[in-house]
Amino acid sequence: MKKEKGLLIVLSGPAGVGKGTVCAALRKENTDIQYSVSATTRSPRAGEEDGVNYFFKSREQFETMIEKNQLLEWAEYVGNYYGTPIDYVRQTLEAGTDIILEIEVQGALKVRERFPEGVFIFLMPPSLAELRKRIQGRGTETAEIIDKRMTVAKEEIEMMKKYDYVVENDEVELAVERIKAIVVAEHCKRERLIEKYKQLVEVE
Ligand code: 5GP
């Protein structure tokens with residue numbers, strides 16, 4: 001039987017909704033899902049490591065990656081570049097392993113153009129008030145940046161309608177369970193399995 005390709009899973013949602021926390025919790029569960037590490041021009045926050053949280057790049061280095069077509073998608077977000085290195089994504093999918101991209105909405109829409117078979121999940125905050133609290137709670141941004149992020153967040157929430165699934169992040173454990181359920185269901189989709197079972201279906 002032919003091996004299935006891995007699932008390309010895109011997790012988006014407004015900044016501050018807890019995508020990073022949800023991804024980290026999913027990671028702890030030791031599922032077979034791999035995580036794409038993005039490149040960015042923003043400075044590392046306390047505790048962030050190059051190659052683990054992001055590949056931290058200068059604008060010049062990032063622009064070279066764009067020119068050399070090394071990115072599956074990229075976007076400018078609150079004054080910085082963010083992008084997904086394409087090679088790791090390709091290799092992982094070809095190996096039959098699922099991969100998650102935790103990216104903002106403009107980038108997600110670009111991924112959809114290139115990978116229409118991807119699974120697009122939108123993480124929703126329980127409310128805008130809660131979202132603001134979470135952005136402030138991080139304590140690493142200035143008031144001006146928080147306001148900018150809230151404005152962007154409201155526009156991003158509008159984009160929910162472009163996604164296949166909406167998962168509320170009321171509690172991290174619940175959000176993780178919902179995402180795991182989506183992944184299991186997606187693996188059982190007929191369209192994904194038809195190639196794998198072709199021989200069985202064709203045999204008399
Ligand atoms: P932060 O600066 O808080 O780490 O991330 C800001 C936003 O950029 C978040 O919404 C995050 O999901 C998004 N982001 C992170 N990596 C990428 C990427 O590779 N591409 C795109 N388009 N967005 C990304």
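Which strands each supply at least two residues of the shell around the ligand?

What you see here is a predicted model, where local features need pLDDT of at least 70 and side-chain atom pairs count only at pLDDT 80 or more, while totals for chains, interfaces and linings use all residues. Residues are numbered from 1 along each chain as its sequence is written, and side-chain values use heavy atoms, with hydrogens and water left out.

Okay, back to the opening question. The answer is β5 and β6 (80-85), each of which gives at least two residues to the shell around the ligand. When I say strand, I mean a DSSP run of E with at least two residues, and a helix is a run of H or I with at least four, numbered from the N terminus.

So, the ligand. It has 16 residues around it, and the closest are S38, R42, Y54, Y82 and E104. Being near, here, means that one of the residue's heavy atoms lies within 4 Å of the molecule. The shell splits into 5 nonpolar, 4 polar and 7 charged residues. For that count, Ala, Val, Leu, Ile, Met, Phe, Trp, Tyr, Cys and Pro go down as nonpolar, Asp, Glu, Lys and Arg as charged, and the others, Gly among them, as polar.

Now some polar contacts, meaning pairs of N or O atoms within 3.5 Å; within protein, one atom must be able to donate a hydrogen and the other to accept it, and residues adjacent in sequence count only if both atoms are side-chain atoms. R42 has a polar side-chain atom 2.6 Å from an oxygen atom of the ligand. In the side chain of E73, an N or O atom sits 2.7 Å from a nitrogen atom of the ligand. And for R149, a side-chain N or O atom is 3.4 Å from a ligand oxygen. How much of the ligand does the protein bury? Taken alone, the ligand exposes 510 Å², and the protein buries 96% of that. Those areas come from the Shrake-Rupley method with a 1.4 Å probe; for residues, only the protein chains shown count as cover.

Next topic: salt bridges. That's a side-chain nitrogen of Lys or Arg within 4 Å of a carboxyl oxygen of Asp or Glu, and the structure holds 15 of them. Take R59 and E76, whose side chains meet at 2.9 Å, N to O. This pair links distant parts of the chain, with R59 in helix α2 (residues 59-67) and E76 in strand β5 (residues 71-77), 17 residues apart. R59 is partly exposed at 36% relative accessibility, and so is E76, at 39%. Quick note on those words: buried is under 20% relative accessible area, exposed is over 50%, and partly exposed is in between, using a 1.4 Å probe and protein chains only.

Then there's K180 with E177, where the closest N and O atoms are 3.4 Å apart. Why are these two about one helical turn apart? Because they are 3 residues apart in helix α7 (residues 172-187). K180 is partly exposed at 24%, and E177 is partly exposed at 42%. They also belong to a network of salt bridges together with E29.

One more pair: R190 and E191, with 3.8 Å between the closest N and O atoms. Both ends are out in the open by our cut-offs, R190 being exposed at 59% and E191 exposed at 52%.

Let's look at a few single residues. N169 is in the loop between β9 (165-168) and α7. Is N169 buried or exposed? Buried, with a relative accessible area of 3%. Its side chain reaches the backbone oxygen of V17 at 2.7 Å. Leaving out residues up to four places away in sequence, N169 touches several residues, including V17, L123, P126 and A175, where contact means heavy atoms within 4.5 Å.

N69 is another story: that residue lies in the loop between α2 and β5 and is exposed at 63%. Now, most residues other than glycine have a negative phi. N69 isn't a glycine, yet its phi is positive, about 55 degrees. V78 does this too, with a positive phi of about 45 degrees. You'll find V78 in the loop between β5 and β6, partly exposed at 24%.
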